Amino acid sequence: MSLLEFTERGVYCQKAGIFIDPWKSVPKALITHAHSDHAQPGCQHYLCTHRTAFLLRHRLGVQQNIHSVAFKENVNIHGVNFSFHPAGHIVGSAQIRVEHKGEIWVVSGDYKTEPDDVSEDFEIVKCHTFITESTFGLPVYQWPDQNHVFSEINAWWESNSQQGITSVLSAYSLGKSQRIIQNVDHSIGPLYCHGSIEATNEVVRQAGVKLKLTMHLPASVKKEMLQKALVIAPGSALSSSWMRRFKEYSTAAASGWMILRGRKSWHHVDKGFVLSDHADWNALNTTVKATGCEQVIVTHGYSDIFARWLQEQGYHAQAEKTTYEGESEEIR
C-alpha cells in the first residue's frame, strides 16, 4: 500500500487517517493553502500553517476547528511525520512533506519558485515521490521576469494617470492582488481596492504581512478623485455595474494566460500582463529534478502531457485526476 493514495474524497494517508487538500468534507484535513479548490468547507478538523489559518477563518467562516503550525515544525500522527514547507504560491502556502519509516512523499499543492516579496520563498524538499501540479505544464508557458512585468504595469498606470484616466486592473483577491500591491510603484498615484480584495488585505495584515498601503473603494466617490488611481478588482467586477463609478478608465488583467494570443480580448480588457502565481514550464522541470524524486504524480492542468514528458526524461511518472482540475482564470 502506498503512503498516499488518491481516493474519491482526495489524497489520503491511511496510516495517519488524514486527507491532504480534500475535495469533499472529511474528518481531518491538512491544507496546503487557502484557495477554494484546496480548502474544502465542512471538515471537522483542519491543520495548516499559521498564516493560512488566518485566511481559512476568513474564507470558510469557522474558528474553532482550525489548528496551525510553523513551517518545518514536525507533527506526528499515528507514527507518520508531517511538516509544512514554503510553496511560494500565496501568503502561507505550503508543500506538505510526509515521512514514514524512511519513505518520503511531498505534496506540492500549488507553487511558484520566483520570490514575490509577499509570500514565503519557495523551498526545495527532497523526497522519493513528488506530487506536483501542472497548471502551466506546456513549453509555451515561460514567464518573463516579474520586474519587467511590473515595469509594464507601472508604465500603463503612469500613462493613464497623466491623461486623467483611471487604471482598473483585474486580479484574484487572494494572492495576485497582494503581489501587485507589494510590487507596483505607489508614487504614481493612490491605490484603491474592490471591497472583496481590501477585506482580504486586512486579513493578510492581521497574519503579520507588512502589506503596502491600500484604500477601500467606496460605493460613492467623486470620479475626479480616481483619475490618477490604480484600482485592483476581481475579474467579475469588470463586466458589472460596479464600473459605473469611473468616468474614463482603462482595463487590464494580470494572468499567466496572457502569454497566449487572444486571451486579452477574451477577458474583455484593454491590456494583458503575463503574471502568474504558478510555476511555469521551466520551474516545473527544475523543481522535479531538484527534489531528487524517483516517482512523480502529476495533477491539475496539463497532467497527462506533463506526465508523458517526464516519462521520456526517465522518471516513473503518472497523471492523477482530481475534482478540481484547475483554478479559475483569475487565480492563475
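Predicted model: local features only at pLDDT ≥ 70, side-chain atom pairs only at ≥ 80, totals over all residues.
Tutor: The largest cavity is lined by 17 residues, and Asp21, Trp23, His38, Thr299 and His300 lie nearest its centre.

Student: What makes this space a cavity rather than a pocket?

Tutor: The test is whether a 1.4 Å probe that fits there can get out: in a cavity it cannot, whereas a pocket is an open set of points. The largest cavity takes up about 170 Å³. With a threshold of 30 Å³ or more, the count comes to four cavities.

Student: Which strands supply at least two residues each to that lining?

Tutor: Strand 11 and strand 18 (295–301) do. Strand 11 gives the most, with three residues.

Student: How does the lining of the largest cavity split by class?

Tutor: There are seven nonpolar, seven polar and three charged residues.

Student: What volume does the second largest cavity have, and which residues line it?

Tutor: About 40 Å³ lies in there. The lining is His89, Ile90, Val91, Asp116, Val118, Ser119, Gly175, Gln178, Arg179 and Asp277. By class, that makes three nonpolar, four polar and three charged residues.

Student: And what about the second largest pocket: what is its volume, and which residues are closest to its centre?

Tutor: Its volume is about 160 Å³. Of the 15 residues that line it, Glu114, Trp143, Pro144, His278 and Asp280 are the closest to the centre. The lining divides into six nonpolar, four polar and five charged residues.

Student: Gln178 and Arg179 turned up in the lining of the second largest cavity. What makes helix 3 (residues 176–183) "mostly covered"?

Tutor: Eight of its eight residues are buried. Buried means under 20% relative accessible area, so each of the eight falls below that cut-off. The list is Lys176, Ser177, Gln178, Arg179, Ile180, Ile181, Gln182 and Asn183.

Student: What do the buried residues of helix 3 pack against?

Tutor: Quite a set of elements: helix 2 (146–162), strand 12 (166–170), strand 13 (191–193), helix 4, strand 15 (230–233) and strand 16 (249–254).

Student: Helix 4 (residues 195–206) also meets helix 1 (residues 50–60). How do the two axes lie?

Tutor: They come within 9 Å and cross at roughly 150°. The crossing is right-handed. On the helix 1 side, Phe54, Leu55 and His58 make the contact, and on the helix 4 side it is Ala199, Thr200, Val203, Val204 and Gln206. That contact divides into five nonpolar, three polar and no charged residues.

Student: Which residues of helix 1 are buried, and what do they pack against?

Tutor: Thr52, Ala53, Leu55 and Leu56 are the buried ones. They pack against strand 5 (45–49), strand 6 and helix 4.

Student: What about Val62: why is it called partly exposed?

Tutor: Its relative accessible area is 25%. Partly exposed sits between under 20% for buried and over 50% for exposed, so Val62 lands in the middle class. Val62 lies in the loop between helix 1 and strand 6. Its C-alpha atom is separated by 22 Å from that of Gly109, 47 residues apart along the chain.

Student: Where is Asp117, and what makes it exposed?

Tutor: Asp117 is found in the loop between strand 10 (103–107) and strand 11 (129–134). A relative accessible area of 58% is over 50%, so Asp117 is exposed. Asp117 is not a glycine either, yet its phi is positive, at about 70°.

Methods: Residues numbered from 1 in each chain as written. Heavy atoms only, no water. 1 Å grid on protein atoms, 1.4 Å probe; cavity = no way out; pocket = protein on both sides within 12 Å on 5 of 7 lines; lining within 4 Å. Points joined across faces, edges and corners; volume = space filled by probe spheres on them. Nonpolar A, V, L, I, M, F, W, Y, C, P; charged D, E, K, R; others polar. Axes fitted to C-alpha atoms, helices over the stretch in contact; angles between N-to-C directions. Helix = DSSP H or I, 4+ residues; strand = E, 2+ residues; numbered from the N terminus. Left-handed = near helix turned anticlockwise from the far one by under 90°. Contact = heavy atoms within 4.5 Å. Buried < 20%, exposed > 50% of the residue type's maximum accessible area, 1.4 Å probe, protein only.
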